[in-house]
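Student: I would like a close look at one part of this model, taken slowly and in connected steps. Please give the cut-off behind each term as you come to it.

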Amino acid sequence: ASVCERNIGIKEEETIRAMEEVSVYKDPLGFSFSYPQTFTINTHPEDEDNYANIDLTNNKSGRIKLVVSDTIYSDIDTWKKEDPEVKNANFLDSTLGSLEAKKVYSDESRKLIIAAIWDGMLFKVEVTPSIDQSLVKSAEKIIANLNIPTLANYTDGSKDVTPVETTTDNSSEPAVDEEVVE
């Protein structure tokens, strides 16, 4: 194929990806993210241990899990040194939204983990791909669009919150905080 034919093929692929419809998930804690509508979302309302426990799955690629939970760690460096699941792994500096984070691939659990400390809680994204590695690319897009406010939206620290319904968003722009003045 000529260079021109390859470039046309690349442009068509980019156009198809840009047209992919996404939904926006807004969590009661205040964070939000957009994700492809080809994914199914499960917020695990039965989970009484975590502030948020969200699974994103599609029928071929594996699972993306976002968990916000209590933590004994004061900062992300302490987490990486002491958490039994990751303490012997090699880390990369990363971000979750505007938060300083650490990224690690756990050979033991065969998943990619990105974690940050947010408002005194551990915010962790786990990516468990199947044989099809396209999930990692989807996870990178979701993480890039993750919008995390400085403080969580909880009044008493309990998990007594109800998820907000998702909405369709055909843009690939990250969600932006809106300030409400009363």
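Tutor: Arg63 counts as partly exposed, because its relative accessibility is 31% and that class lies between buried, under 20% relative accessible area, and exposed, over 50% (1.4 Å probe, protein chains only). This is a predicted model, in which local features need pLDDT of at least 70 and side-chain atom pairs count only at pLDDT 80 or more, while totals for chains, interfaces and linings use all residues. Residues are numbered from 1 along each chain as its sequence is written, and side-chain values use heavy atoms, with hydrogens and water left out.

The side chain of Arg63 meets that of Asp55 in a salt bridge at 3.8 Å, N to O, the term standing for a side-chain nitrogen of Lys or Arg within 4 Å of a carboxyl oxygen of Asp or Glu. Asp55 itself counts as buried, at 9% relative accessibility. Asp55 also meets Lys65 in a salt bridge, here at 3.1 Å, N to O. Because Lys65 lies in strand β5 and Asp55 in strand β4, this pair ties together parts that are 10 residues apart in sequence; strands (E, at least two residues) and helices (H or I, at least four) are DSSP runs numbered from the N terminus. Lys65 is buried too, with a relative accessible area of 12%.

Since Glu85 lies in the loop between α2 (76-82) and β6, and Lys111 in strand β8, the pair ties together parts that are 26 residues apart in sequence. Glu85 is partly exposed, with a relative accessible area of 31%, whereas Lys111 counts as buried at 12% relative accessibility. Both residues belong to a network of salt bridges that also links Lys124 and Glu126, and the structure holds eight salt bridges.

Next come the neighbours of β8, where two strands pair if DSSP finds at least two bridges between them. Strand β7 (residues 99-106) pairs with β8 in the antiparallel sense over five bridges, and Ser106 has Lys111 as its bridge partner. The two strands form a hairpin with four residues between them, and Arg110 in the turn has a positive phi of about 55 degrees. Towards β9, seven bridges join the antiparallel strands, with Ile117 opposite Leu122. This hairpin has two residues between its strands, and Asp119 in the turn has a positive phi of about 50 degrees.

These strands belong to an open, antiparallel sheet of seven, in the order β3-β4-β5-β9-β8-β7-β6. Its edges are β3 (40-42) and β6 (91-96), each with a single partner strand, so one side of each is left without a neighbour in the sheet.
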